[in-house]
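Work through the exercises below with the sequence and the structure at hand. Try each task before reading its solution.

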Amino acid sequence: MGTRTLHVEHLPEQRYGRRYVWQLPVRLSHWINFLSLLALFLTGLYITFPQLAPAGEPSQHFVMGRMRQIHFAAGQIFLVSFLWRVYWFWMGNNYARSGFPFVWRAAWWRDLVRQAMAYLHLRRGNVHLGHNALGGLMYTVFVIGLGWGQIFTGLALYSESNPGGFWDHLTGWVIPLFGGSFRVHMWHHLFAWGFLVFAILHIYVVLFDSHQYRNGLLSSIVSGFKFYEEGDLDHDSWVS
Amino acid sequence: MGLEATLVPRIVEAMDKKPRIPVIWLHGLECTCCSESFIRSSHPVAQDVVLNMISLDYDDTLQAAAGFQVEEIRKRIMKEYAGEYLLAVEGNAPTRDGGVYCTVGGDTFLNILVETAEKAKAVVAWGSCASNGCVQAARPNPTGAKPVKDLIPHRAVINVPGCPPIAEVMTGVLTYILTFGTLPELDRQGRPKMFYGQRIHDKCYRRPFFDAGQFVEAWDDEGARKGWCLYKMGCRGPSTYNSCSTFKWNNGVSFPIGSGHGCIGCSEENFWDNGPFYQRLSNVVVPGIESTPDQIGKTLTVLAGAGVAAHFGSYMVRRGINAAKKEKPVPSAPEKEGGDQ
């Protein structure tokens with residue numbers, strides 16, 4: 001099973017153990033996702049409600065064009081980072097896949113309930129070296145789910161500027177699926193807000209847990225290391 | 001039509017010498033705006049199409065005859081020219097209650113359509129009604145109207161959407177079929193690529209204003225007078241596939257955007273349900289709730305923020321209670337109390 005209890009196997013006076021949890025590709029992907037999503041969200045808002053109104057001849061300006069350019073570039077960067085992370089799900093260490101929702105396993109559901117109870121202040125929480133079940137579920141729904149949603153709707157909309165081109169062949173089928181280009185636009189908008197909702201919850205939970213457990217959670221996305229105490233859970237493996 | 005100049009003689013020859021194709025033109029639930037558009041075609045002229053290119057054997061709107069004789073003609077054409085005649089459908093068929101909401105000559109239009117499509121060489125769906133439902137299939141669609149492609153799913157249908165389609169697009173499709181004897185290349189939604197391959201936005205003469213970021217903000221503002229982009233006024237050009245910005249209308253006189261009004265996307269699926277026409281975002285994502293995606297998104301964001309605030313507040317309260325309980329005994333590690341119960 002994926003969850004084990006950790007033991008600090010060092011000198012008796014040593015209270016904490018330290019383990020390398022997030023490998024470099026995971027951390028890099030995290031920060032590239034953050035930066036590209038930030039750029040995508042802001043330029044996306046601008047594309048919906050363009051606020052600057054440059055005066056003079058159109059030949060002197062390229063405001064909307066530039067915003068769209070940044071949006072498309074950030075989208076391509078997010079795509080590469082996302083696909084790289086999907087690859088690393090298979091190739092990385094077990095912590096790289098610890099967020100996977102093992103819905104068919106009783107232990108996963110127990111961990112999910114335990115974590116939910118902990119956040120409701122009803123029970124003591126546990127430190128996990130990998131993702132806890134609730135956190136993993138969040139990432140699966142918001143990052144993986146919405147990520148695929150944005151990638152497909154985004155690329156389909158992008159492909160419209162080059163009918164019969166590469167992206168049209170790959171993702172053009174999305175447009176009739178949603179009932180026309182306009183509806184794809186609408187869903188793309190709704191999905192985008194999901195990332196903001198996720199960002200609020202994610203940042204809060206990370207700060208909260210980091211404060212509560214004092215396990216180096218916040219710094220681990222920079223350093224890769226997490227700390228554990230005797231009895232903490234090592235939620236690392238998705239292969240039983 | 002995107003053809004080479006060397007093919008012009010072939011078109012001329014086809015128009016001169018090829019035997020005329022028998023055409024059965026059916027009218028279902030529709031407003032006849034497609035026919036109105038068709039008869040205004042100038043390249044080629046509609047009269048030329050009707051008199052020299054095709055043999056319009058049945059068209060209950062245009063023909064002089066009426067009654068049993070006319071229905072007799074349709075049956076005769078279906079028999080004598082089986083597999084050769086072209087079926088052109090204007091409008092669509094209601095399917096609820098056995099299709100009784102549209103009957104022609106004592107039979108439901110649904111039956112007539114299915115029966116006539118059986119032995120047609122090709123089926124052309126004129127306009128948005130026949131191609132994707134249009135107004136009668138918009139929510140709540142009381143008669144269960146369905147576009148032609150859904151009624152004869154086993155047949156390939158050429159969709160020529162638009163409300164109405166551009167006249168030259170209609171005659172252009174017929175000219176192509178007559179000249180080459182095959183159907184034009186179609187896209188995923190069954191529309192001829194040569195006319196519906198690109199968005200209005202991509203060939204719009206106001207596109208430079210879009211890229212520059214110069215938008216009309218109100219119908220009577222400075223931008224409107226200068227002919228800036230109508231994107232912020234809800235123009236559907238960026239999501240509408242049609243030839244309006246290239247062919248224009250009425251022998252090239254103008255088209256909606258050229259006249260200062262945004263495109264309403266009349267050749268797109270669900271365009272009636274994608275309203276309101278005059279705003280960029282609409283209420284389509286969650287039908288029934290009058291919210292645009294951005295309003296839904298903002299609400300969810302506020303809820304998430306409120307949830308976070310509530311959680312942190314309750315945490316602080318509990319922390320305070322715990323601290324009060326343990327006030328005297330051990331002042332050792334107060335910062336760890338949160339997780340220590």
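**Exercise 1. Describe the contact between chain B and chain A by its residues and its buried area.**

Solution. Step 1: count the residues. In this predicted model, chain B brings 53 residues into contact with 50 residues of chain A.

Step 1: state the area. The size of an interface is often given as the accessible area lost when the parts come together. Between chain B and chain A about 4700 Å² is buried, and carbon and sulfur atoms give 58% of this area.

**Exercise 2. Find the salt bridges and polar contacts across the interface of chain B and chain A, then say which helices of chain B take part.**

Solution. Step 1: look for charged pairs. The rule finds two salt bridges across this interface. One of the salt bridges joins Asp168(A) to Arg188(B), with the closest N and O atoms 3.1 Å apart. The pair counts because 3.1 Å is within the 4 Å cut-off.

Step 2: On the side of chain B that touches chain A, α10 (207–212) and α13 (293–325) of chain B each supply at least two residues. The largest share comes from α13(B), with 16 residues.

Step 3: sort that side of chain B by residue type. It holds 19 nonpolar, 17 polar and 17 charged residues.

**Exercise 3. Chain B has two assigned domains. Describe how they meet.**

Solution. Domain 1 of chain B spans 5–196 and domain 2 of chain B spans 198–314, according to the domain assignment. Their centres, taken over C-alpha atoms, are 31 Å apart.

Step 1: count the contact. Domain 1 of chain B gives 22 residues and domain 2 of chain B gives 18 residues.

Step 2: state the area. The two domains of chain B bury about 1700 Å² between them, 55% of it from carbon and sulfur atoms. Arg139(B), Ile166(B) and Tyr196(B) supply 34% of the area that domain 1 buries against domain 2, more than any other three residues.

Step 3: list the polar links. The rule finds one salt bridge across the domain interface. Glu268(B) and Arg191(B) form a salt bridge, their closest N and O atoms lying 3.4 Å apart.

Step 4: name the elements. On the side of domain 1 that touches domain 2, α6 (127–132), α8 (167–180) and α9 (193–196) of chain B give two or more residues. That side of domain 1 divides into eleven nonpolar, seven polar and four charged residues.

How values were computed: Residues numbered from 1 in each chain as written. Chains lettered and ligands numbered in written order. Predicted model: local features only at pLDDT ≥ 70, side-chain atom pairs only at ≥ 80, totals over all residues. Heavy atoms only, no water. Contact = heavy atoms within 4.5 Å. Buried area = accessible area lost by both parts, 1.4 Å probe. Salt bridge = Lys/Arg side-chain N within 4 Å of Asp/Glu carboxyl O. Polar contact = N/O pair within 3.5 Å; in protein donor to acceptor, adjacent residues only side chain to side chain. Helix = DSSP H or I, 4+ residues; strand = E, 2+ residues; numbered from the N terminus. Nonpolar A, V, L, I, M, F, W, Y, C, P; charged D, E, K, R; others polar. Domains from an automatic or database assignment.
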